[in-house]
Amino acid sequence: MERIDQSPVKYAVHRDVLDELGLEEVAQKGTWSIKPTVGDKVKESLRCSVPSLKHILLTWIPILSWLPKYSFRENILGDVVSGCSVGIMHLPQGMAYALLASLGPVYGLYTSLFPVLVYVIFGTSRHVSIGTFAVISIMVGSVTERLAPDEAFYFNGTNGSLTVNIDARDAYRVQMACSVTLLSGIFQILLGVVRFGFVATYLSEPLVRGYTTGAACHVCVSQLKYLFGVKPARFTGPFSLIYVIGATIIIHFCGVREDYLIDVVGEIPSGFKAPRTPDITFFSQLIGDAIAVAIVSYAITISLGKTFGLKYGYKVDSNQELIAVGLSNTIGSFFQCYAVTASLSRSLVQESTGGNTQIAGVVSSLLMLIMVIKIGSLFEDLPKAVLSTIVFVNLKGMFRQFMDVPLLWKTNKVDLLVWLVTFISTVLFNLDLGLALSVGFSMLTLIFKTQLPHYSILGNVPSTDLYLDTEAFRQIPGIKIFRSSATICFTNAELFLEALQQRSGLDVRKLQMEKKKRAKQEKMAKKEVKKSVIEIHLNKEKNLSMHKDVAIFLTNTSSNGFGHVNSAYQYDATTSEIDSGCHSENNLTPILYEDEKDGRTCMSVTHSIILDISTTGFVDTVTVKMLKNIFGDFADVDVDIYLAGCQACVVEQLEKAAFFESIPKTRLFVTVHDAVLHILRKLGQTDIIFDASCDTQM
């Protein structure tokens, strides 16, 4: 076995200290390639050539890229076996999940056929199984039951009793399901065309898992009526889950229902109906539901697709997946299919049985075609209670997600809170409102994270150019290195300024007031001196004694009680330089720090502050204004401000915001270490960073 050398690797870098101007010169910024303008990009996109046309076709129709390269010898056997296995699962799941959508079982079979073929052509994942899914089915069912309740289809029976026109109700519900599917598909296609696939990143994994777990509870409750053979009144809206449960228990256990005839699947027509355009007049009533269905169906599909893509080393295009799912929904709605997404159970079966490509989806669709045309009638006498048990069994994986709670408790309390809020809001307030509340709460946690970042003062690791939190390492005397763990933006700019003053120990407003007070006192002292001189000339007879009084007075007023030398009598040319970095020691704010080696408390002064903004990925107008104010305010109290670690995109944004018109680029350094060396070099103490002691005077 080869022995690995455990000795530390050392490196040495010799270069000049670089500020932004030096970096531009060394990197030859003027020779960089210029970014194309928007007009150039539009012109380039409108140019038509054979390579560009081929690239567009392969991007928008992925099957054209992988089907010609398909290896029959390596893949066909696994794809056929996988397709047959998934097709067998499609049959019971399609019929069972159609009941969740409050549709006839045959519509679940349609949904397991047409959208799958569409995804085979336009999808980029090789392993996901598109079709019916419990969560999406219950979301569609909430729409159909709300807009087509039983009460809207009552008519007087032969004996005068009210009876539900089941045929009219079911036909209307199919229209509702197809309309919401078409609208959600249109939303997905539009988002995919504008490259908005990143929207799924805002649905974090704890949110998706909490939401699907809450939806699983709705699914289970919706199947109780079939499992117990009862017909409770329908409830919609917030707390409907509680009302269903209560009505089912009362009806079943109190003997209210006398007829215990078994409810079966019923007629499953052979063949297919002609394609029909969904009714778009319902769109105004379905916008909110369609958006929720579009987001959830895409989020589930892309999460599964990314998982398999990482496992097997191929790319899953998030934008193309959005278009693929959107086309599956849109085209499927014309064939009386309802919304689809990837199924975890079927996808795992498709992968574990040897499926390598979406040819498995073609095989499963052919199997479903045979079932719909020839075998469907054999399942007409299947009890709905059996389909309910199928639903319960397939929800096993979702209920296992309750194990996320103890895991998140140990790893991340914020994610745990998102999971719990999502689950509870989904269970109590229904799927659409629950999703909205969950996303809103997730956004709030993100806002709080940016509002409450970790602020730290950095210290130098001895004999290195590394700067870490000062809890473990001592600060460089006279220099404060301040860093925020989050991007500085308008939401936390004020907090950043407050934390800077608190952690640096410099109350700028208080120091400015004291400086104004000193200036006022100096002005008064000058007037008194001038008045005394005039009196000296007017009282020549008391010249000798008056000169003595003036001498004493000048001695007292030259130092005004605040340790500041009267500038009217002592002038230091170095203080007039803007970027000198050198200040009169009496002008600096005393700061106490403790030496690590011997624990002695030493006196130093803060003359320079370095803002490490390497974590900032962008700057807005509020941030630019705040940084300008920091430079100006701290300059008023004789403290120099420097920036370090600024990303190139941030420098570009600062240039566009005219930041460097008032702040020279010599205040912006490549790294914190460059800024520190620059400050120490101006003070003539460049060795302090490696050998700092309490007696060092800055």
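# Helix packing and a mixed sheet in a predicted model

Helix H7 (residues 114–122) packs against helix H13 at an angle of about 150 degrees, with the two axes 8 Å apart. H7 is therefore roughly antiparallel to H13, in the sense that angles under 35 degrees count as roughly parallel, over 145 as roughly antiparallel, 65 to 115 as roughly perpendicular and the rest as oblique. The axes are lines fitted to C-alpha atoms, for helices over the stretch in contact, and the angles run from 0 to 180 degrees between N-to-C directions.

The model is predicted, so that local features need pLDDT of at least 70 and side-chain atom pairs count only at pLDDT 80 or more, while totals for chains, interfaces and linings use all residues. Residues are numbered from 1 along each chain as its sequence is written, and side-chain values use heavy atoms, with hydrogens and water left out.

## Overall composition

The protein chain has 26 helices and 12 strands; these elements are DSSP runs numbered from the N terminus, helices being H or I with at least four residues and strands E with at least two. Of its 698 residues, 45% count as buried, where buried means under 20% relative accessible area, exposed over 50% and partly exposed in between, for a 1.4 Å probe and protein chains only. Among contacts (heavy atoms within 4.5 Å) between residues at least 6 apart in sequence, 78% join residues at least 24 apart.

## Helix pairs

H7 passes H13 in a right-handed crossing; a crossing is left-handed if the near helix is turned anticlockwise from the far one by less than a right angle, and right-handed if clockwise. On the H7 side the contact involves Pro 115, Val 118, Tyr 119 and Phe 122, and on the H13 side Gln 320, Glu 321, Ala 324, Leu 327, Ser 328, Ile 331 and Gly 332. Sorted by class, this contact of H7 with H13 has 7 nonpolar, 3 polar and 1 charged residues, with Ala, Val, Leu, Ile, Met, Phe, Trp, Tyr, Cys and Pro taken as nonpolar, Asp, Glu, Lys and Arg as charged, and the others, Gly among them, as polar.

The axes of helix H19 (residues 413–429) and helix H20 (residues 431–451) come within 7 Å and cross at roughly 160 degrees, which makes H19 roughly antiparallel to H20. The crossing of H19 and H20 is right-handed. Among the H19 residues in this contact are Leu 417, Val 421 and Phe 429, and those of H20 include Leu 433, Leu 437 and Phe 441. The contact of H19 with H20 has 9 nonpolar, 6 polar and 2 charged residues.

Helix H12 (residues 283–312) and helix H14 (residues 344–352) cross at roughly 20 degrees, their axes coming within 11 Å, and H12 and H14 are therefore roughly parallel to each other. Leu 304, Phe 308, Lys 311 and Tyr 312 of H12 meet Leu 344, Ser 347, Leu 348 and Glu 351 of H14.

## The open sheet

An open sheet of 6 strands has the order E6-E5-E7-E10-E11-E12, with mixed pairing. Strand E6 (467–469) and strand E12 (668–669) stand at its edges, each with a single partner strand, so one side of each is left without a neighbour in the sheet. Strands count as paired if DSSP finds at least two bridges between them.

| Strand pair | Sense | Bridges |
|---|---|---|
| E5 (residues 455–460) and E7 | antiparallel | 4 bridges |
| E7 (residues 479–484) and E10 | parallel | 5 bridges |
| E10 and E11 (residues 640–644) | parallel | 5 bridges |

Within these pairs, Ile 457 stands opposite Phe 482 in E7, Lys 480 has Ile 609 of E10 as its bridge partner, and Ile 610 is partnered by Tyr 642 in E11.

Strand E10 (residues 608–612) has 5 of its 5 residues buried, so it is largely enclosed by the rest of the structure. Helix H21 (residues 493–504) lies across E5, E7 and E10 and runs at about 45 degrees to E5.

## Positive phi in two loops

Gln 336, in the loop between helix H13 (318–334) and strand E4 (341–343), has a positive phi near 60 degrees although it is a residue other than glycine; Gln 336 is buried, with a relative accessible area of 9%. Ala 658, in the loop between helix H25 (648–656) and E12, is likewise not a glycine and has a positive phi of about 60 degrees, but Ala 658 is partly exposed, with a relative accessible area of 23%.
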